[in-house]
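Q: I have not looked at this one before. Can you walk me through it?

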Amino acid sequence: MAEKALRFFRPFPFGFGLFYFWYSMVNLVSKCLDVVWITPGYGNGGAHARRPMGRFPGEAAFSMDQHDGLLSEEDRLRYQRSILLEGFGPEGQRKLRAGRVLVVGLGGLGSPALYYLAAAGVGTIGVVDGDRVDLSNLQRQILYGDGDVGQSKALAAADRIRRCYGSVAIIVHEGRLTAENGVGMVSLYDFVIEATDNFESKFLVNDICVGLGKPFSHAAVSGYYGQAMTVVPGAGPCYRCVFGNVPSRDAVISPDEEGTLGMVAGSLGAVQAMEAIKYLAGVGRLLVGRLFTWDGLTSTAREVTLPVEPSCPVCLKS
Ligand SMILES: [Zn+2]
């Protein structure tokens, strides 16, 4: 695996090891926070999601009925600039309205991704994150403000999006996505944004999505650099095809020891939202089999072709 990683990352101006190092401490801390913040009973991945305009989880039964995709006159005005796009038009907008996207992780990547998905008019958006807002998050996690410190990220994010885009149905899955609740949760959606900050979660999202045949967008950031790829099961390599297995803890450095800028995560989060929009609307070319990298320090974008790994256990099983 190490040789494979080096092969893929040799062309980059940064080491693959940085990504390994970057996630370790957040993972450890997140696991500790799990014990405190997970709301009991979220094991089925849907029962506690709330109705579109509800205020607290469990307040009322929610419906995952797909939006009919019909556009009102207000919609046609609101999304005018999207509808004007060649190849997109009202049909593309209707597809977004009927689309359901799950955003896993509401940090530096998930913040811009969620904003753009909601602003673009995706009809139903699920959010999942087990953490609470920390003061040190505000430098890059633009969903939150001073008054959100100490609050549940999932609830604070949903509240922010509802106040900005009232016609979008936001479904809150409070707590972390786990092996137990993940299949039920992911199966409710058409596309997944993998915006987590630790390797365990990234591999878990991959394995669940590939197993269910659900497409998803992966992204990660480290320092001034970021990367993104999209997995469409059966159409190209998955995350495990490229990155193998969860690295050992001693091969990973704490993200607290490495700085980053919000704009780097913001750029990659926007790429992820764009992938979701392209998939739902059926336009453009997805980052399937391609790793997009962004060096914010030199404003350099690169692309590396990614092959399918014939012995990938997840792809072989699905
Ligand atoms: Zn694979």
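Predicted model: local features only at pLDDT ≥ 70, side-chain atom pairs only at ≥ 80, totals over all residues.

Q: How do β6 and β7 run?
A: Strands β6 (residues 225-231) and β7 (residues 290-295) are antiparallel, joined by four bridges. Strands are DSSP runs of E, at least two residues, and helices are runs of H or I, at least four, numbered from the N terminus. Two strands pair if DSSP finds at least two bridges between them.

Q: Which residue is the bridge partner of Y225?
A: D295, in β7. D295 also stands opposite T300 in β8.

Q: How many bridges do β7 and β8 have?
A: Six, with β8 (residues 300-305) antiparallel to β7. In their hairpin, four residues lie between the strands, and S299 has a positive phi near 50 degrees.

Q: New topic: which residues touch the most others in the largest nonpolar core?
A: V103, L114 and V127, out of 77 residues. Helix α12 (residues 262-281) gives the largest share of this core, 11 residues. Such a core is a set of buried Ala, Val, Leu, Ile, Met, Phe, Trp, Tyr and Cys residues joined through C-beta atoms within 7 Å. Buried means 20 or more other C-beta atoms within 10 Å of the residue's own, placed from the backbone.

Q: And which residues of α6 are buried?
A: In α6 (residues 89-98), G92, Q93, R94, K95, L96 and R97 are.

Key: Residues numbered from 1 in each chain as written. Buried ≥ 20, exposed ≤ 12 C-beta atoms within 10 Å, placed from the backbone.
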